[in-house]
Amino acid sequence: MKLSRHADSMQIRALLKKDYLVRIRQPWMTIIQYVWPCMIFAALYILRNRFQAVEINDCQFPTRNLQANGILPFFQSYICTFENECQDAKSYAETEEFNDAPVTPVVNIVQIILDNAALYDAIVKLPIERNFIASVTAIVSHAKFKEIERNGDRLVKMLPEIRKKVGDQFDILQLFSDDQTFSKSGNILCGRPFPRSDNIRFVDNILYTPDYAGPDKDELAVMPTPYCKQLYLDVTNTNNGKITWRFLKP
């Protein structure tokens with residue numbers, strides 16, 4: 001037992017001596033082993049002090065209609081909550097109604113017609129049967145007509161406000177070509193402007209990222225002969241052409 005303990009102590013002393021000799025013979029490595037962890041912790045400490053914690057109040061992401069509530073309200077809610085901003089939790093709503101949007105009464109009326117076969121048939125069969133009185137009677141006598149009438153009144157009251165919401169410079173022909181026009185169109189569909197494309201990071205990346213497809217004009221300009229230029233164009237216009245050209249070019 002005493003011999004075993006003595007052997008263990010000798011082994012420990014030998015290991016410590018070996019470690020000491022290794023560190024003495026490699027001073028730079030020893031310095032790095034001690035300095036590197038200190039630098040890491042110092043960097044973390046500096047970053048922690050550089051960027052202070054920001055307190056964010058409770059918020060909720062916008063709720064969206066399901067298809068069970070109607071296909072048109074479903075699409076409207078998804079389009080109008082495209083930016084998915086975290087909103088104040090105090091203004092919680094089971095589903096957002098978009099009551100300030102002039103399109104909402106129209107969406108409600110069309111959805112009522114789509115959900116009720118009698119109303120739908122009365123409107124669809126009107127030009128076929130040419131029985132205007134019967135179609136109007138079927139619509140007016142329907143249980144949902146009061147709801148259609150309320151939405152119609154809402155739409156009429158909102159009409160004077162549409163011009164104020166979109167401004168005098170709004171041009172529907174520039175809806176997708178002008179970023180400002182597209183943003184203002186959100187006032188009609190959602191009751192608030194759509195976010196500008198330059199405020200949505202991944203949309204900005206899609207719209208404004210340079211197109212690297214096709215030939216590189218700078219590389220094409222330095223080609224010495226027309227044959228080289230034509231060869232370069234033929235290769236780069238194929239699938240994975242630029243990758244192929246990197247292996248083929250001299």
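Analyst: Helices (H or I, at least four residues) and strands (E, at least two) are DSSP runs, numbered from the N terminus. This is a predicted model, where local features need pLDDT of at least 70 and side-chain atom pairs count only at pLDDT 80 or more, while totals for chains, interfaces and linings use all residues. Residues are numbered from 1 along each chain as its sequence is written, and side-chain values use heavy atoms, leaving out hydrogens and water.

User: OK, at what angle do α4 and α5 pack?
Analyst: Helix α4 (residues 103-115) packs on helix α5 (residues 117-124) at about 100°, and their axes are 5 Å apart. That makes α4 and α5 roughly perpendicular to each other; the classes are under 35 degrees for roughly parallel, over 145 for roughly antiparallel, 65 to 115 for roughly perpendicular, and oblique for the rest.

User: Which residues make that contact?
Analyst: From α4 you have Ile112, Ile113, Leu114 and Asp115, and from α5 Ala117, Leu119, Tyr120 and Ile123. Contact means heavy atoms within 4.5 Å. By class, the α4 contact with α5 has seven nonpolar, no polar and one charged residues. For the classes, Ala, Val, Leu, Ile, Met, Phe, Trp, Tyr, Cys and Pro count as nonpolar, Asp, Glu, Lys and Arg as charged, and the others, Gly among them, as polar.

User: And how far apart are the axes of α3 and α4?
Analyst: The axes of α3 and α4 are 8 Å apart, with a packing angle of about 150°, so α3 and α4 are roughly antiparallel. In α3, Ile71, Leu72, Pro73 and Gln76 meet Thr104, Val107, Val110, Gln111 and Leu114 of α4.

User: Which parts does the pair tie together?
Analyst: Cysteine 80 is in helix α3 (residues 71-80), and cysteine 190 is in the loop between α9 (179-189) and α10 (201-208), so the link connects parts 110 residues apart in sequence.

User: Is cysteine 80 buried or exposed?
Analyst: Cysteine 80 is buried, at 1% relative accessibility. Buried means under 20% relative accessible area, exposed over 50%, and partly exposed in between (1.4 Å probe, protein chains only). Cysteine 190 is buried too, at 4%. Cysteine 38, by contrast, is exposed at 53%, and cysteine 228 is partly exposed at 25%.

User: Where does UniProt put the transmembrane region?
Analyst: The unreviewed UniProt entry has that feature at residues 27-47. UniProt positions are in the numbering used here, feature names are shortened, and annotations may be inferred rather than shown by experiment. In the model, residues 27-47 are 100% helix and 0% strand, with the end C-alpha atoms 30 Å apart.

User: What about lysine 90, where is that?
Analyst: Lysine 90 sits in the loop between β2 (87-88) and α4, and is exposed at 78% relative accessible area. Its C-alpha is 8.1 Å from that of cysteine 59, which is 31 residues away along the chain.

User: Last one, how many helices and strands in the chain?
Analyst: 13 helices and two strands. Of the 250 residues, 21% count as buried.

Key
Axes are lines fitted to C-alpha atoms, for helices over the stretch in contact, and angles run from 0 to 180 degrees between N-to-C directions.
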